[in-house]
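Here is a short briefing for someone opening this structure for the first time. Please look over the sequence and the model before reading on.

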Amino acid sequence: MKDRIQEESRTGSGMDKADRKTDERFMREAIKQARKAYALDETPIGCVIVYEGKIIGRGYNRRNTDKSPLAHAEITAIKKASRKIGDWRLEDCTLYVTLEPCQMCSGAIIQARIPRVVVGCMNPKAGCAGSVLNLLQVERFNHQAELTTGVLEEECSGMMKQFFKELRERKKREKESGAAQEYRQLYRPVKPGVRKRKAGYPAEISQCQGESRDHGDQSIEDLSGTGRKM
Ligand SMILES: [Zn+2]
């Protein structure tokens, strides 16, 4: 069942162009939500829930902002949609999400009896709609959801890749500026070319520092023998 649905979503067979277009249209709305998370430095995941051609619930990841493990895009969208419909059952709704749902959200989707889920890109390490587990289609539960994957996949995964790339670069810059600050704290220039050691620094450094003083105004890097600044 799962394989058939996923295969269909990849090839487009068994699904007319109008449906595919509709899915892409709503996935674009989910991507808009994901961009809101991106703007908050949150992992960009967005979700919309559609009923009779209209969006009745939107959500985006706010896990760090709200300091809550429950603040996933799907949970927020499900809460809003339930409020709008006035029922915990979201039968006849379709949930669009940019990233494969986790175990919590897949559980909530089944609890809400959502009949159809459309996913942008998969999450091989944590996804529970076919990657690690497929909680959406466990025959022994009283409800299963139809699943379509790979809708605007490149756009969804590209956004994730970009986010993590920027995050890595920012962390690297922070690390470097932290090291530079530490260096400045270690060596406070007393007069040009001579840097005074503050109390309590490693013997290795204090030794070089002593040599530096012995050599008048020669700077530390001249004494290291490597031509490299310490
Ligand atoms: Zn989740």
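Which residue does Cys 47 stand opposite in β3? Cys 47 stands opposite Val 97.

This is a predicted model, in which local features need pLDDT of at least 70 and side-chain atom pairs count only at pLDDT 80 or more, while totals for chains, interfaces and linings use all residues. Residues are numbered from 1 along each chain as its sequence is written.

**Confidence**

- The average pLDDT of the protein chain is 82, and 75% of the residues score at least 70; pLDDT is the predictor's confidence in each residue, from 0 to 100.
- Residues 1-14 have a pLDDT below 50, and this stretch has 18 contacts in the model beyond near neighbours in sequence. Two residues are in contact if their C-beta atoms, placed from the backbone, lie within 7 Å.
- Over residues 196-230 the pLDDT also stays under 50, and the model has 34 contacts for them beyond four places in sequence.

**Overall make-up**

- Seven helices and seven strands are found in the protein chain. Helices (H or I, at least four residues) and strands (E, at least two) are DSSP runs, numbered from the N terminus.
- Their pattern along the sequence is α-α-β-β-α-β-α-β-β-α-β-β-α-α.
- Of the 230 residues in the protein chain, 33% are buried. A residue is buried if 20 or more other C-beta atoms lie within 10 Å of its own, exposed if 12 or fewer, and partly exposed in between, with C-beta atoms placed from the backbone.
- Among contacts with a separation of 6 or more, 52% join residues 24 or more positions apart.

**The sheet**

- An open sheet is formed by five strands in the order β2-β1-β3-β4-β5, with mixed pairing. Two strands pair if DSSP finds at least two bridges between them.
- β2 and β5 (146-148) are at the edges with a single partner strand each, so one side of each has no neighbour in the sheet.
- From one strand to the next, the twist averages 20°. Axes are lines fitted to C-alpha atoms, for helices over the stretch in contact, and angles run from 0 to 180 degrees between N-to-C directions.
- β1 (residues 46-51) and β2 (residues 54-60) run antiparallel and are joined by six bridges.
- β1 and β2 form a hairpin with two residues between them, and Glu 52 in the turn has a positive phi of about 50°.
- β1 also runs antiparallel to β3 (residues 93-99), to which five bridges join it. Val 48 has Tyr 96 in β3 as its bridge partner.
- Five of the six residues of β1 are buried, so β1 is largely enclosed by the rest of the structure.
- In a regular strand the side chains alternate between the two faces of the sheet.

**Helix packing**

- The axes of α2 (residues 17-39) and α5 (residues 153-186) come within 11 Å and cross at roughly 5°. The two helices α2 and α5 are therefore roughly parallel to each other; angles under 35 degrees count as roughly parallel, over 145 as roughly antiparallel, 65 to 115 as roughly perpendicular and the rest as oblique.
- On the α2 side the contact is made by Ile 31, Ala 34 and Tyr 38, and on the α5 side by Glu 155, Cys 156, Met 159 and Phe 163.
- The residues of this contact are six nonpolar, no polar and one charged. Ala, Val, Leu, Ile, Met, Phe, Trp, Tyr, Cys and Pro count as nonpolar, Asp, Glu, Lys and Arg as charged, and the others, Gly among them, as polar.
- α5 also lies across β3 and β4 (116-121), at about 55° to β4.

**Loop residues with positive phi**

- Asp 41, in the loop between α2 and β1, is not a glycine but has a positive phi of about 65°. Asp 41 is partly exposed, with 13 other C-beta atoms within 10 Å.
- Lys 67 lies in the loop between β2 and α3 (73-85), and its phi is positive, near 50°. Lys 67 is exposed, with 8 other C-beta atoms within 10 Å.
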